[in-house]
Amino acid sequence: MSLTIKQERFCMVYVETGNASEAYRQAYNAENMKEASINVNASKLLTDAKIALRIKELKSGHTKRHELTIDDLVKQLEEARQVALALENPQCSAAISATMGTAKLLGLVVDKNETTGANGGAIQHAVSIKIEFDDE
């Protein structure tokens, strides 16, 4: 199966985004095209047998890449924590980082950010401008 560079790019973007029109925009020169034309062309590409086969191949690899589970990550973090503590000079900060990573994965720790200012108002931003003139 031989695809053009643009067809391959279309397939790759489609698998990542799930959006044929966006994949078409990124793979082809579509800046001067109407949205309806982009949609039609993207749809035509999806019905092409070679492209459909390539998308199926890419999706298979994509799925395998995303089979990592939270349990897998927790196991990896616990192994890293154990290694950090078992070193001749135990790396406590690495062990704590692994423990905190596990807690975040399990939803026990949630990062919070303030998105409003005092009393729920807007965040105030101060801007200062300094202008100097020569007295020549």
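Leaving out neighbours up to four places away in sequence, Leu 77 is in contact with Ala 98, Gly 101, Thr 102 and Leu 105, where contact means heavy atoms within 4.5 Å. This is a predicted model, so to speak for local features a pLDDT of at least 70 is needed and side-chain atom pairs count only at pLDDT 80 or more, while totals for chains, interfaces and linings use all residues. Residues are numbered from 1 along each chain as its sequence is written, and side-chain values use heavy atoms, with hydrogens and water left out.

Back to Leu 77: it is found in helix α5. Helices here are DSSP runs of H or I with at least four residues, strands are E runs of at least two, and both are numbered from the N terminus. Leu 77 counts as partly exposed because its relative accessibility is 23%; the scale calls a residue buried under 20% relative accessible area, exposed over 50% and partly exposed in between, using a 1.4 Å probe and protein chains only. The C-alpha atoms of Leu 77 and Thr 99 are separated by 7.2 Å, though the two are 22 residues apart along the chain.

| Pair | Axis distance | Angle |
|---|---|---|
| α5 (residues 70-86) and α6 (residues 92-105) | within 8 Å | roughly 165° |
| α1 (residues 5-17) and α2 | 8 Å | about 140° |

Axes are lines fitted to C-alpha atoms, for helices over the stretch in contact, and angles run from 0 to 180 degrees between N-to-C directions. The angle of roughly 165° makes α5 roughly antiparallel to α6. The one of about 140° makes α1 oblique to α2. The cut-offs are under 35 degrees for roughly parallel, over 145 for roughly antiparallel, 65 to 115 for roughly perpendicular, and oblique for the rest.

Handedness comes next. α5 and α6 have a left-handed crossing, and α1 passes α2 in a right-handed one. Left-handed means the near helix is turned anticlockwise from the far one by less than a right angle, and right-handed means clockwise.

On the α5 side, the residues that meet α6 include Ile 70, Leu 73, Val 74 and Leu 77; their partners include Ala 94, Ala 95, Ala 98 and Thr 99. By class, this contact of α5 with α6 has 10 nonpolar, three polar and one charged residues. Ala, Val, Leu, Ile, Met, Phe, Trp, Tyr, Cys and Pro count as nonpolar, Asp, Glu, Lys and Arg as charged, and the others, Gly among them, as polar.

**Core and α2**

The largest nonpolar core has 18 residues, and those touching the most other members are Phe 10, Cys 11, Tyr 24, Tyr 28, Leu 45, Ile 51 and Ile 55. Such a core is a set of buried Ala, Val, Leu, Ile, Met, Phe, Trp, Tyr and Cys residues joined through side-chain atoms within 4.5 Å. α1, α2, α3 (35-47) and α4 (49-65) each supply at least two residues of this core, and α1 gives the largest share, five residues.

Cys 11 touches, beyond four places in sequence, Leu 3, Ile 51, Arg 54, Ile 55 and Leu 58. Ser 21, in helix α2 (residues 20-27), counts as buried because its relative accessibility is 14%. With the same exclusion of residues up to four places away, Ser 21 touches Glu 35, Ile 38, Asn 39 and Ala 42.

**Overall**

The protein has six helices and zero strands. Of its 136 residues, 20% count as buried.
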